Amino acid sequence: MEPDNLNKEQDQNSWAVNAWTLLSKLRDQSPLIQCITNFVSMDLMANTLLSAGASPAMIHSIEEIQDFTPHVHALCINVGTLSPAWLPAMREAAQVANKAGKPWVLDPVAAGASSFRLKACLELVGLKPSVIRGNGSEIIALSKASIGATKGVDSSHESMDAMEAAKSLAQSSGAIVAVSGAVDIVTDGHRVVGAHNGVSMMQKITATGCAVTALIAAFVAVDPLHALEATASALSIFGIAGEMGMAMAKGPASLRMHLIDSVYNLDQAAVSSRLKVTSL
C-alpha cells in the first residue's frame with residue numbers, strides 16, 4: 001500500500017474509533033440536552049436524541065431557564081419558527097449555559113431570509129456558541145452578515161461553496177462551524193474535515209438538519225474539549241444511520257422511521273466499515 005493510502009486508512013480508522021467511543025459514552029452517560037427549537041422539528045429532534053441514548057428536554061419558557069439550564073449537559077438553540085416572544089429565552093439560555101460552563105449549539109435556520117432573523121442569529125452568534133451548524137446559504141449569510149437569495153430553510157448553495165465563509169465565521173466567532181451538504185464540512189477556522197456519509201433522500205424529510213444539530217449537542221456534551229471531532233463524529237453517525245435506513249426504506253416516510261431505528265441499533269462494525277471522514 002502507498003504511504004499516502006496507508007495514512008488515509010489509519011486516519012479513517014482513528015475517526016471510526018473516536019466516533020464509536022463517543023457514541024458509547026453517550027449511551028452510557030445519557031446526557032441531558034435542552035432544545036429550544038421550532039415546532040416542526042421538536043418530535044424528530046427528541047426521538048433522535050432518545051434513540052442515540054441521550055435525554056432530551058424541550059424546555060423553552062424563559063421562566064424555567066434560570067432553574068433548569070444550569071443542570072443540562074448541553075443546550076441546542078434552533079431558530080426555525082422564530083418569533084419575538086422566543087428570543088429572550090434563547091438569549092438567556094445561551095448566557096446561563098456559558099456561565100455554567102456548558103456547551104451550546106446554534107442552528108441558524110434560514111438566517112438570510114429576513115433582517116429580523118439575521119439580526120437574531122448574529123446576536124446569538126455573539127453569545128459564543130460552541131458549534132454553529134447550518135446549510136451553505138445560512139453559513140454564507142452569517143459570515144457576510146447580509147440577507148440574500150434563499151429558498152426558505154433549503155440551501156441554494158452546496159456545502160463546498162460555503163467553505164471559505166465557514167472558515168471565516170469560525171475565526172470571527174470562535175465556534176466550530178459545520179456546513180451540511182452532500183459532504184458535511186466541519187472547521188475551526190484553520191483545520192477543515194469532510195464527513196461523507198448520508199443519503200440525499202434525508203433532505204426530503206423535514207427536520208433532519210435540526211435533528212443532527214441536536215445530536216451534535218449530545219456528542220459535544222460528552223467531549224466538550226474536542227468539539228470539532230465530536231461534531232464530525234455526530235454528522236458521520238447520523239449519515240451512517242441514514243444509509244442503513246435507506247436500505248430498508250421505500251420513501252421519505254419509511255426512511256424517517258428506519259433512520260431512528262438505525263441510530264438506536266448502530267454497532268461498532270457498522271461504524272468501522274462505513275464511516276468516512278477526510279481532511280479537506
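**Entry 1: the β6/β7 pair**

I began with β6 and strand β7 (residues 184-187), which pair in the antiparallel sense over three bridges. Here strands are DSSP runs of E of at least two residues and helices are runs of H or I of at least four, numbered from the N terminus. Two strands count as paired if DSSP finds at least two bridges between them. I noted that three residues sit between β6 and β7, and that the two strands form a hairpin. Val179 stands opposite Ile185 in β7.

A note on what I am looking at: this is a predicted model, where local features need pLDDT of at least 70 and side-chain atom pairs count only at pLDDT 80 or more, while totals for chains, interfaces and linings use all residues. Residues are numbered from 1 along each chain as its sequence is written, and side-chain values use heavy atoms, with hydrogens and water left out.

**Entry 2: β6 itself**

Is β6 buried or exposed? I found that five of the five residues of β6 (residues 176-180) are buried, where buried means under 20% relative accessible area, exposed means over 50%, and partly exposed lies in between (1.4 Å probe, protein chains only). In a regular strand the side chains alternate between the two faces of the sheet. In β6, Ile176, Ala178 and Ser180 point one way, and Val177 and Val179 the other way.

On pairing with strand β5 (residues 131-135), I counted five bridges in the parallel sense. Val131 has Ile176 as its bridge partner in β6.

**Entry 3: the whole sheet**

Which order do the strands take? I read β2-β1-β3-β4-β5-β6-β7-β8-β9, nine strands in an open sheet with mixed pairing. β2 (55-57) and β9 (277-279) are the edge strands, each pairing on one side only. On average, neighbouring strands are turned by 20° against each other, direction ignored. I also checked β4 and β5, which run parallel and are joined by two bridges; Leu106 has Ile132 as its bridge partner in β5.

**Entry 4: helix α6**

Next I looked at helix α6 (residues 136-144), which is largely enclosed by the rest of the structure because seven of its nine residues are buried. The buried ones are Gly136, Ser137, Glu138, Ile139, Ile140, Ala141 and Leu142. They pack against β4 (104-107), α5 (115-125), β5, α7 (163-173) and β6, with contact meaning heavy atoms within 4.5 Å.

For contrast I looked at Gly126, in the loop between α5 and β5. Gly126 is exposed, with a relative accessible area of 53%. Gly126 and Gly174 are 48 residues apart in sequence and 9.6 Å apart in space, C-alpha to C-alpha.

**Entry 5: two helix pairs**

I took α8 (residues 208-222) and α9 (residues 227-246) next: their axes are 8 Å apart and pack at an angle of about 135°. Axes are lines fitted to C-alpha atoms, for helices over the stretch in contact, and angles run from 0 to 180 degrees between N-to-C directions. That makes α8 oblique to α9; under 35 degrees counts as roughly parallel, over 145 as roughly antiparallel, 65 to 115 as roughly perpendicular, and the rest as oblique. Among the residues that meet are Leu215 and Phe219 in α8 and Leu235 and Phe238 in α9.

Helix α2 (residues 42-52) and helix α10 (residues 252-265) cross at roughly 30°, their axes coming within 7 Å. That makes α2 roughly parallel to α10. Their contact includes Asp43 and Leu44 in α2, and Arg256 and Tyr264 in α10.
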